[in-house]
Number of protein chains: 2
Amino acid sequence: MKIAILGTGMVGNALGTKLVQIGHQIMMGSRTANSDAGQEWLRLVCGKAQIGTFTDAAAFGEIILDCTNGANSLAALHQAGAANLRGKILVQISNPLDFSKGMPPTLTVCNTDSLGEQIQREFPDTRVVKALNTVNCDLMVQPSLVPGGHDLIICGNDAGAKREVTARLVEWFGWKKENIIDLGDITASRGTEMYLALWVRLWGVLGTPHFNIKIVRGG
Amino acid sequence: MKIAILGTGMVGNALGTKLVQIGHQIMMGSRTANSDAGQEWLRLVCGKAQIGTFTDAAAFGEIILDCTNGANSLAALHQAGAANLRGKILVQISNPLDFSKGMPPTLTVCNTDSLGEQIQREFPDTRVVKALNTVNCDLMVQPSLVPGGHDLIICGNDAGAKREVTARLVEWFGWKKENIIDLGDITASRGTEMYLALWVRLWGVLGTPHFNIKIVRGG
């Protein structure tokens, strides 16, 4: 499958590398066509992928994974271009974290709005599914790093897109279907993004980013 | 033990009733000395407790449980009086939820501040421990409603107060010590209060408020 990875950071690297390993055609996009980070990743995957601009990658991908820095996501997606995103599924992974005032980070948008919603509003013809943003990138591609059942929460306005993303997360990364919880429409991004305020503190207390939550339900 | 319950809503009722059942001396406080809700609760516990104003209750209690509505917590605590709260542990349970614009609720404070912090700033001589705010009130007093291990997250500036609150949650309500996670100082209230944005959505999807999260850690 032709998959676009937008962003050359840790998340883009982890997802891109895994998807190359299992045989997909990947183009990693960044602001410039030949970024240092992009070239470094290309060497890491022995040249078995392509790099380009956000525009190139979005045009290439049948499905788009938004692995940009949350502070720059909207700008990156505008560079990618609405026409290249039209009708496609955008897996919106980035969180609107602001580290500029030190640790712990705050959110640039929350409570009455979210990055997931902003992006869906800005690109109404794109099938935005917020997903994977509640776990560390190592865990995104290898959920077995954390033992037992633990849950991934997704949301979005397009039920078909959520079904497809669920199937891909199972197929690509080994998530179990029963551990993927559909939280509702894209406004539920507020919940999964605001959870980051708790996630970041738990990271500090647990001393590892390799953790997740399991939702346990009463009778 | 003499325990003050501030607030006559569902949370105050659940905690007060349980604490009366296990033999503690409880005074439930509200804005007025003889509120209808307070009298109704008093009948429910067969008169085996007292009711009074926030001031009466805070003066009575060796430990104070803040079960007020989050929108009114600061006002209620001011009515309780700094002198009556001085040096005491305040278990700060309420969340700053605003239901005035319908469902889902938003938070009246978040991201760069929290209700827990506001209260600790306003009452610097009170030992504020944010606790129990991440679970439904039935679960607060009966964690076994949800099977298996699941976690409660507390925070506060006073390590001794957190140890005592942990011991009380074990003794009073049956929480397991290993499931009580100390998230750090009172600024961590941002994390547990902002989690409510996720909690409220999960409530909708799961169809029951009887659920909780278990933090699962990798190796």
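Let's start with the area buried between chain A and chain B: about 3200 Å², of which carbon and sulfur atoms give 67%. Please keep in mind throughout that we are looking at a predicted model. Which three residues supply more of the area that chain A buries against chain B than any other three? They are Leu198(A), Arg201(A) and Val216(A), and together they account for 19% of it.

How many residues take part in the contact? Chain A brings 39 residues and chain B brings 39 residues. If you sort the side of chain A that touches chain B by class, you get 20 nonpolar, 13 polar and 6 charged residues.

Now, what holds hands with what across this interface? The rule finds 0 salt bridges between chain A and chain B. Polar contacts are another matter: 11 residue pairs across the interface are in polar contact, counting pairs with both residues at pLDDT 80 or more.

Let me point out the elements of chain A on this side. Of the elements, α9(A) gives the most, with 11 residues.

Please look at β11 next. Does β11(A) pair with β11 of chain B in the parallel or the antiparallel sense? The answer is antiparallel, over 7 bridges, with the partner strand covering residues 211-217 of chain B. If you want one place to look, find Asn212(A), which stands opposite Val216(B) in β11(B).

How do the two copies relate? Chain A superposes on chain B by a rotation of 180° with 0.0 Å of shift along its axis, and the RMSD is 0.0 Å. That is the relation of a two-fold axis. Both copies use the same surface, too: 100% of the contact residues of chain A recur in chain B.

Let's turn to salt bridges in general. Side chains of opposite charge can pair when their charged atoms come close. Over all chains, the count by this rule comes to 18 salt bridges. One to look at is in chain B, where the side chains of Glu193(B) and Lys130(B) meet at 2.6 Å, N to O. Glu193(B) sits in helix α9 (residues 189-206) of chain B and Lys130(B) in strand β8 (residues 127-130) of chain B, so this pair ties together parts that are 63 residues apart in sequence.

While we are at β8(B), let me show you its neighbours. Strand β5 (residues 89-92) of chain B runs parallel to β8(B), joined by 4 bridges. There, Ile89(B) stands opposite Arg127(B). Strand β9 (residues 152-156) of chain B runs antiparallel to β8(B), with 2 bridges between them. And here Lys130(B) turns up again, standing opposite Cys155(B) in β9(B).

Finally, a few backbone details. Most residues other than glycine have a negative phi, and most peptide bonds are trans. Which residues does a cis peptide bond join in chain A? They are Met103(A) and Pro104(A), with omega about -10°. Pro104(A) belongs to the loop between β6 (97-98) and β7 of chain A. In chain B, a cis peptide bond joins Met103(B) and Pro104(B), again with omega about -10°, and Pro104(B) is in the loop between β6 (97-98) and β7 (106-107) of that chain.

The last stop is Asn111(A), which is not a glycine and yet has a positive phi of about 75°. You will find Asn111(A) in the loop between β7 and α6 (115-122) of chain A.

How values were computed. Residues are numbered from 1 along each chain as its sequence is written. Chains are lettered from A and ligands numbered from 1 in the order in which they are written. This is a predicted model: local features need pLDDT of at least 70, side-chain atom pairs count only at pLDDT 80 or more; totals for chains, interfaces and linings use all residues. Side-chain values use heavy atoms; hydrogens and water are left out. Contact means heavy atoms within 4.5 Å. Buried area is the accessible area (1.4 Å probe) that two parts lose on being put together, summed over both. A salt bridge is a side-chain nitrogen of Lys or Arg within 4 Å of a carboxyl oxygen of Asp or Glu. A polar contact is a pair of N or O atoms within 3.5 Å; within protein, one must be able to donate a hydrogen and the other to accept it, and residues adjacent in sequence count only if both atoms are side-chain atoms. Ala, Val, Leu, Ile, Met, Phe, Trp, Tyr, Cys and Pro count as nonpolar, Asp, Glu, Lys and Arg as charged, and the others, Gly among them, as polar. Two strands pair if DSSP finds at least two bridges between them. Copies are superposed by least squares on the C-alpha atoms of residues with pLDDT of at least 70 in both.
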